[in-house]
Amino acid sequence: MAKISGAVVVDTQRCKGCNLCVVACPCGVLALQGKEVNNRGYHFAYMAEAEKCIGCQSCALVCPDACIEVYRVVQK
């Protein structure tokens, strides 16, 4: 049986680090980058726990800048 997992792609240069996606994620996949900043000076979101993603798209729905894309990946 195929297993469906998710993959989150964050446009790190557009992300302003508002933390809404991190809070909205039910699986604790996303986190804010603590040491790096983008070209606008913000700590950006990234997939800290990639293997936990279920592709629910909660993070993309709450992002005010629409800089998150979520894909569902079928693993056979």
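Predicted model: local features only at pLDDT ≥ 70, side-chain atom pairs only at ≥ 80, totals over all residues.
**Entry 1: the core**

I started with the largest nonpolar core. It holds 15 residues. I listed the residues with the most contacts inside it: V8, V10, C15, C21, L30, C59 and I68.

I then took C21 and skipped its neighbours within four places in sequence. C21 is in contact with L30, A45, C59, V62 and I68. Of these, L30, C59 and I68 are also on the list of residues with the most core contacts.

**Entry 2: S5**

I looked up S5 in strand 1. Is S5 buried or exposed? I count S5 as buried, because its relative accessibility is 11% and the cut-off for buried is under 20%. I checked for a polar partner. The S5 side chain makes a polar contact with the side chain of Q75, at 3.3 Å. S5 touches C53, I54, Y71, R72, V73 and Q75. So Q75 turns up both as a polar partner and in the contact list of S5, with the burial of S5 at 11%.

**Entry 3: N38**

I moved to the loop between strand 2 (30-32) and strand 3 (45-47), where N38 is found. N38 has 5% relative accessibility, so I count N38 as buried. What does the side chain of N38 reach at 2.7 Å? I found the backbone oxygen of C15 there. A polar atom of the N38 side chain also lies 3.1 Å from the backbone nitrogen of R40. Leaving aside neighbours within four places in sequence, I have N38 in contact with T12, Q13, C15 and F44.

**Entry 4: the cysteines**

I searched the whole structure for disulfides and got zero. My cut-off for a disulfide is sulfur atoms within 2.5 Å. C15 counts as buried, because its relative accessibility is 7%.

C27 is in no disulfide, and its nearest cysteine sulfur, that of C25, is 5.3 Å away. At 25% relative accessibility, C27 counts as partly exposed, whereas C15 is buried.

Definitions and conventions:
Residues numbered from 1 in each chain as written. Heavy atoms only, no water. Core = buried A, V, L, I, M, F, W, Y, C linked by side-chain atoms within 4.5 Å. Buried < 20%, exposed > 50% of the residue type's maximum accessible area, 1.4 Å probe, protein only. Contact = heavy atoms within 4.5 Å. Helix = DSSP H or I, 4+ residues; strand = E, 2+ residues; numbered from the N terminus. Polar contact = N/O pair within 3.5 Å; in protein donor to acceptor, adjacent residues only side chain to side chain.
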